[in-house]
Amino acid sequence: MKRLNITFIVCVWLVFLTTSCSDSFFDTAPANNLTGNEAFSSTQNIDALVNGTIRYLMENATSQDNPGFAAIMLTNEVMGEDAIARDGVYGFRDSYPFRDPYDNTTRRALFFWTLLYKVIDNANNILANTDRADGTDDEKKWLKGQAYALRAFAYLNLVQQYQFTYAKDKDAPAVPIYTEPTSPASEGKSRATVEAVYNQVFADLANAEQLLETYQRTVKNRPNLHVVKGLMARAYLATEQWELAAQKAREAREGFPIMSAQQYLEGFNDASNVEWIWGHPQQADQNLGGASFFAYIDVTPPTGYRSIMPDPYFWQLFDDQDIRKSLFEFEGDPSHPIYRWLKYKKFINKPDRAGHIPLMRASEQALIEAESEARLGHLSAALLALNELRLKRNLPELEETAFNAAQLIEEILLERRRELWGEGFRLTDILRLQRAVDRSESTLTYPANGQHLLIKGHYIRVFPDNSPLVANSPYYLFSIPVNEWNNNPNL
């Protein structure tokens, strides 16, 4: 058999050599400090490897347009209808028209696959070696819990991106499952079913939930019990286990109040925000200039890519009193590179370009709770969660008498689009809901310079073969890269 195209990373990135994760969290050591068995000799070294794995997930960049996991987040946005990758601008111009990562020969297809499977292999090595390390039982337990959580996170993304949703066909082939460390001599596995991958996700999260019960993190990039419960809520939502989704979403957001209207205007760039359950803090030297989340989605700098813009019809989804609507701004200067585009100033990088990346927020979990309760027919409970969010966005409470269950579900789904724009959920929702991307040519105008100017909008409204945008199209799916097909005949 040909060798498996997955290798273990001891220290792909500069890894952290501290277990306290306080002010020394950003201290780094040379990448060759930990090699071979030394990486697993102590819980302190394994803790450094956990941190290095997280940094690899978030910061590894094979090119400027692949800024770690943020590249997956942004691809999920521009493959929907509410975000547009500007034509001719570097970054996500090939994901927007469904060409990339659908084409399995592209470097982006290879990057996405490799990124997640290397995280899985690191987690597998941590799980296989931690019990033999020097350290306390609690330290070992917490490290294994974080490894289970990271592995579940990777598999949850893979199963939602490389195959259609569970409700459509749980027996469809998805992706291979690896739970043991691999080496160049390892034999590649066949593709497991969608159901089998979800079962692995649930098993990993159950282990993580047990092991992290007493874990207290000091930096929000580490998965803790709240993160685990939030991942459970996402997985239960995807598999339509509504009661469990609502329960875990409630538990995930305990102690994380939804941010105020004023806080929503602060740039979405700091993990200290009260409702961020999970986020990736960075210093300026970790945010790799052009290869970064903010380089593509922050539209405020005078120069830069400013690649991802909102669809003007997305702007129309907001009521005038909604605090989020105040973040839209029309560019009416003919000399400006984004002339006639609407700018959406949700994400603003920090002055030193050290913006943090949001991975899970209380608002998302409130919306999971609301949707799940609505699908169960519990309209009062659904509205309680939804109105908690609406009030923090300067919107009035909705009344139960105004909705039946189907109408309320649609309102909650609209709220997901309004609240979670740019955070990587749109394509996942389109696949989960088995709906078509809905892109319309812009006919909207904006008053500027004494005239009404046409706002720029979608310029790609068909698939690459010129067929119409429909539900459950293979163009929505990420592709297993050709390298993997060549190296693993068992696929």
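Which helix does Phe-314 lie in? Phe-314 sits in helix 10, residues 312-315; helices here are DSSP runs of H or I with at least four residues, strands are runs of E with at least two, and both are numbered from the N terminus. A word on the model: it is predicted, so to speak of local features takes pLDDT of at least 70, side-chain atom pairs count only at pLDDT 80 or more, and totals for chains, interfaces and linings use all residues. Residues are numbered from 1 along each chain as its sequence is written, and side-chain values use heavy atoms, with hydrogens and water left out.

Back to Phe-314. It counts as buried because its relative accessibility is 0%, where buried means under 20% relative accessible area, exposed over 50% and partly exposed in between, with a 1.4 Å probe and protein chains only. Setting aside neighbours within four places in sequence, Phe-314 is in contact with Asp-82, Phe-328, Tyr-344, Arg-417, Arg-418 and Trp-421 (contact is heavy atoms within 4.5 Å). Phe-314 and Glu-81 are 233 residues apart in sequence, yet their C-alpha atoms are 8.2 Å apart.

Helix 12 (residues 379-391) is next. Its 13 residues should span 18 Å at 1.5 Å a residue, and its end C-alpha atoms are 18 Å apart, so the two agree; the expected span is 1.5 Å times one less than the number of residues. Buried residues in helix 12 include Leu-379, Leu-383, Leu-386 and Arg-390. The helix's buried residues pack against helix 11 (362-375) and helix 13 (405-420).

Further along, strand 7 (residues 445-448) and strand 8 (residues 451-454) run antiparallel, joined by four bridges; strands pair if DSSP finds at least two bridges between them. Pro-447 has His-452 as its bridge partner in strand 8. The two strands form a hairpin with two residues between them, and Asn-449 in the turn has a positive phi of about 55°.

Finally, the cavities. There are five of 30 Å³ or more. A cavity is a set of points on a 1 Å grid over the protein atoms alone where a 1.4 Å probe fits but cannot get out, and lining residues have an atom within 4 Å of a point. The largest cavity holds about 310 Å³, the volume being the space filled by probe spheres set on the points, which are joined across faces, edges and corners. Asn-157, Arg-234, Gly-424, Phe-425 and Thr-428 lie nearest its centre, out of 25 lining residues. Helix 4 gives the largest share of that lining, five residues.

| Class in the lining of the largest cavity | Count |
|---|---|
| Nonpolar | twelve residues |
| Polar | six residues |

Technical notes: On a 1 Å grid over the protein atoms alone, a cavity is a set of points where a 1.4 Å probe fits but cannot get out, and a pocket is an open set with protein on both sides within 12 Å along at least five of seven lines; lining residues have an atom within 4 Å of a point. Ala, Val, Leu, Ile, Met, Phe, Trp, Tyr, Cys and Pro count as nonpolar, Asp, Glu, Lys and Arg as charged, and the others, Gly among them, as polar.
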